[in-house]
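Good morning, colleagues. Please look at the sequence and the structure on the screen while I go through them.

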Amino acid sequence: MSIILTHAYYLSEDVKEQKIMKPYPPLGLLYVSAYLLSKDIPNDVFDSTFYSKKAQLQFILEKQPKVICIYTNLMTKIEVVKLIKILKSERYGFPTIILGGPDLTYNIENYLKTGADFLVIGEGEETTHELYKMIQVNGDFHKVNGIAFLENGIIIKTPPRTKFRELDRLPLPNRAAISIDKYLDTWKTFHGKSSMTISTQRGCPYTCKWCSTAVYGQSYRRRPVNQVVNEMKMLKKDYAPDAIWFVDDVFTVSHKWIKSFHEEVIKQDAIIPFECITRAERLNDEVLQLLKEAGCFRIWIGAESGSQKIIDAMDRRVDVNVVKEAIQKTNALDIETGTFIMVGYPGEDETDINKTINYLKAANPTHFTITVAYPIKGTSLYNEIEDKITVQPHWETSTDRDIDFKRTYSRKFYDFAVKRIVNEVNYFKNQHSFIRKYKLKLKSIAALLLMKYYNLR
């Protein structure tokens with residue numbers, strides 16, 4: 001019996017990422033790999049990021065595994081479906097295919113119809129282990145919690161698996177299974193410094209309507225500080241990254257944990273410059289100082305909008321002025337800031353967009369990213385707009401990003417609103433080149449005119 005863990009993200013086919021070039025390893029797969037190894041189950045990991053599908057298929061052909069586990073998410077779903085259909089053939093020995101990832105929970109029937117044999121719903125480590133053992137003996141799959149499968153054409157969904165409460169039971173990700181150097185070298189080449197990822201928690205206790213909690217649920221579970229710091233020491237010794245990206249949804253949710261982290265990382269000389277994401281109300285002067293002393297060089301502080309009306313509609317439960325002040329205080333400590341903006345949320349109008357522009361100018365984050373709101377199946381946002389969907393492409397060849405719904409204005413309006421915000425705020429921030437400022441202002445005005453045009457249509 002043999003097992004391969006893989007995914008279907010190919011950097012060579014991602015035009016947007018080729019402009020950014022900040023890839024990270026598939027941490028979830030590496031956690032599952034490490035857990036299987038801890039249970040004496042050898043496994044191979046094929047990280048497709050720097051390879052082609054042809055190379056991936058050749059690897060699988062040579063290994064001839066009996067089981068293939070594929071991680072899927074909103075971004076990779078289309079390629080995963082293609083991969084399943086190729087693998088379910090005599091050439092590859094009709095392997096048993098197990099899928100895992102956040103996109104499965106609310107698309108069970110669709111994924112099973114593609115040819116997948118089993119879906120792992122929720123956290124993957126224990127479920128994959130038990131399922132693999134059951135496949136080995138062709139046992140009773142009804143006894144494995146946290147999976148879905150077809151039986152005589154009927155969808156069977158077993159009871160949910162109890163989530164890990166003590167995350168220290170999880171071994172560290174099996175980074176040795178893949179070519180970490182490819183990631184480090186890519187970062188070095190394009191940005192002059194390398195970066196790696198660490199996860200310290202699972203779940204999020206907050207209720208933002210657009211956010212999916214399909215895997216970890218609305219919970220908060222944290223790894224012990226000493227285990228996290230030991231992982232940092234190991235990365236520092238074995239890989240010497242220039243930076244760490246903590247992938248947690250809200251890094252400073254627990255001030256007690258942050259204080260212990262600060263003490264331990266200094267005590268063990270494990271400091272690596274890091275960036276993280278948090279919420280404005282989980283920052284204060286003391287926490288900011290602790291983060292800086294522990295090595296934090298950038299904090300991403302969620303806002304999503306400069307309009308309190310839209311923030312409330314999202315159920316963000318934060319005051320826009322608190323967010324603005326948190327960004328300003330962080331800037332004052334010489335820690336870089338970032339914030340996320342979403343336009344096109346239900347009910348958003350031009351006044352709200354102008355408030356967002358003014359908020360970004362006043363808060364003055366070092367970085368900001370913008371996306372047009374899209375409804376992920378299973379979220380409160382999706383449930384609210386489901387009867388207002390105007391574009392619902394074929395499931396196998398599209399993602400949730402392609403779904404559109406009736407908004408205050410057309411999707412085109414919001415596409416130009418993104419351009420308007422980006423150019424207007426960068427015009428405000430640009431303090432050097434007159435020509436650059438002039439071009440940004442012209443682009444901002446052009447975007448505004450096109451917004452007006454699509455508002456009248």
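Let me begin with a term: a residue is called buried under 20% relative accessible area, exposed over 50%, and partly exposed in between, with a 1.4 Å probe and protein chains only as cover. The areas themselves come from the Shrake-Rupley method with a 1.4 Å probe, and for residues only the protein chains shown count as cover.

By that rule Asp40 is exposed, because its relative accessible area is 70%. Asp40 also has a positive phi of about 65° although it is not a glycine. Most residues other than glycine have a negative phi. Asp40 sits in the loop between helix H2 (27-38) and strand S2 (44-46). A second residue with a positive phi, and again not a glycine, is Ala240, where the angle is near 50°. Ala240 belongs to the loop between helix H8 (225-238) and strand S11 (243-246).

A word on the source. This is a predicted model, in which local features need pLDDT of at least 70 and side-chain atom pairs count only at pLDDT 80 or more, while totals for chains, interfaces and linings use all residues. Residues are numbered from 1 along each chain as its sequence is written, and side-chain values use heavy atoms, with hydrogens and water left out.

Now to the chain as a whole. It has 16 helices and 17 strands; helices (H or I, at least four residues) and strands (E, at least two) are DSSP runs, numbered from the N terminus. The C-alpha atoms fill a box of roughly 65 × 60 × 40 Å along the principal axes. For 457 residues, a compact globule would have a radius of gyration near 23 Å, and the 23 Å of this chain agrees with that. That radius is taken over C-alpha atoms, and the globule rule is 2.2 Å times the number of residues to the power 0.38. Of the 457 residues, 54% count as buried.

Ile84, in helix H4 (residues 77-87), is an example of a buried residue, since its relative accessible area is 0%. Between the C-alpha atoms of Ile84 and Glu304 there are 36 Å, and the two residues are 220 apart along the chain.

I turn to the charged pairs. Side chains of opposite charge can pair when their charged atoms come close. How many salt bridges does the structure hold? There are 32, a salt bridge being a side-chain nitrogen of Lys or Arg within 4 Å of a carboxyl oxygen of Asp or Glu.

Take Glu79 and Lys53, whose side chains meet in a salt bridge at 2.8 Å, N to O. Glu79 lies in helix H4 and Lys53 in helix H3 (residues 53-63), so this pair ties together parts that are 26 residues apart in sequence. Both Glu79 and Lys53 are buried.

Next, Glu123 forms a salt bridge with Arg202, with the closest N and O atoms 3.4 Å apart. This pair links distant parts of the chain, 79 residues apart: Glu123 is in the loop between strand S5 (118-120) and helix H6 (125-137), and Arg202 is in strand S9 (residues 201-202). Glu123 and Arg202 are buried too. They also belong to a network of salt bridges that links Glu123, Glu125, Arg202 and Arg221.

Finally, the surface patches. These are made of residues with over 30% relative accessible area and no salt bridge; like charges are joined within 9 Å, and nonpolar side chains (Val, Leu, Ile, Met, Phe, Trp, Tyr) within 5 Å. Lys and Arg count as positive and Asp and Glu as negative, with His and the chain ends not counted. The place of a charge is taken as NZ of Lys, CZ of Arg, CG of Asp or CD of Glu.

Lys412, Lys419, Arg436, Lys439 and Lys443 form a positive patch. Helix H15 (411-429) and helix H16 (434-456) each supply at least two of its residues, and the largest share, 3 residues, comes from H16. Lys412 is in helix H15 and is partly exposed, given its 43% relative accessibility.

A nonpolar surface patch is formed by Phe434, Ile435, Tyr438 and Leu442, with about 480 Å² of accessible area together. Of these, Tyr438 is in helix H16 and is partly exposed, its relative accessible area being 49%.
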